Structures are given as structure tokens and as C-alpha cells.
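Here is a short briefing on one protein chain. Look over the sequence and the model first.

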Amino acid sequence: MNIKPLGDRVLVVPAAAEEKIGGIIIPDTAKEKPLHGTVKAVGQGTKDEEMILKAGDEVLYGKYSGTELEFEGEKFLMMRQSDVLAVIEK
């Protein structure tokens, strides 16, 4: 991995959008943007905000959160830790 977030930012791999619902195949243009993913990397935090998240955490985030990136053919979202709404615990 060559991407290292700075400050209070996290790099998230979004979950794959659903391909089928009840036997109906959904075209790419009609797919909903996933609202959960896995944290791939985190920054050091700032003096005002300690990093709570860590690599490997599964998280929920807002519909319009983050900046979409594509690196080496893989899609990522870069967002601030404060844009993450919750951690999914299993």
C-alpha cells in the first residue's frame, strides 16, 4: 500500500454494490452507492483529535462522505474520521 492518509483522515475500501435483488440484475447506473466499507489505512490524528479508527475496522459513513479515489485499479474513499458514523462490531 502506497497511500498513507495525513492528519485525521482515513482511507476506506467501499463494500461492493449489490448486483442482484430478487433475481433482477441491476445496471451500474442504477446501483446505490454503498454506505459501509473497511478501513485500509489511517493517519496519525491531530493534536485536537485522537485517531480512534484502525486498519481493518468495518465502518458506516454518510451518503456523500469522502472523496473517491482510484489507485492501481482499486477504488477508495478518503474521508475525515469525523465523517464516519459508526464502527460495525462483529
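The points below cover the fold, the surface and the salt bridges.

This is a predicted model. The protein chain has eight strands and zero helices. Three salt bridges turn up in a search of the whole structure.

**Fold and burial**
- Along the sequence, the pattern reads β-β-β-β-β-β-β-β.
- The protein chain has 90 residues, and 30% of them count as buried.
- Among contacts with a separation of 6 or more, 65% join residues 24 or more positions apart.

**Surface**
- The protein chain exposes about 6,300 Å², with 53% of it supplied by carbon and sulfur atoms.
- Leu60, Leu85 and Ile88 make up a nonpolar surface patch, with about 260 Å² of accessible area together.
- Ile88 sits in strand β8 (residues 84-88). Its relative accessible area is 31%, so Ile88 counts as partly exposed.

**Salt bridge Arg80–Asp8**
- The side chains of Arg80 and Asp8 meet at 2.7 Å, N to O.
- The pair links distant parts of the chain, 72 residues apart: Arg80 is in strand β7 (residues 74-80), Asp8 in the segment before β1 (9-14).
- Asp8 is buried at 7% relative accessible area, whereas Arg80 is partly exposed at 36%.

**Salt bridge Glu58–Lys90**
- The side chains of Glu58 and Lys90 meet at 2.9 Å, N to O.
- Glu58 lies in strand β5 (residues 58-61) and Lys90 in the segment after β8, so the pair ties together parts 32 residues apart in sequence.
- Lys90 is exposed at 84% relative accessible area; Glu58 is partly exposed at 27%.

**Salt bridge Lys54–Asp57**
- The closest N and O atoms of Lys54 and Asp57 are 3.1 Å apart.
- Asp57 has 10% relative accessibility, so Asp57 counts as buried.

Technical notes. Residues are numbered from 1 along each chain as its sequence is written. This is a predicted model: local features need pLDDT of at least 70, side-chain atom pairs count only at pLDDT 80 or more; totals for chains, interfaces and linings use all residues. Side-chain values use heavy atoms; hydrogens and water are left out. Helices (H or I, at least four residues) and strands (E, at least two) are DSSP runs, numbered from the N terminus. Buried means under 20% relative accessible area, exposed over 50%, partly exposed in between (1.4 Å probe, protein chains only). Contact means heavy atoms within 4.5 Å. Accessible areas come from the Shrake-Rupley method with a 1.4 Å probe; for residues, only the protein chains shown count as cover. Patches are made of residues with over 30% relative accessible area and no salt bridge: like charges are joined within 9 Å, nonpolar side chains (Val, Leu, Ile, Met, Phe, Trp, Tyr) within 5 Å. A salt bridge is a side-chain nitrogen of Lys or Arg within 4 Å of a carboxyl oxygen of Asp or Glu.
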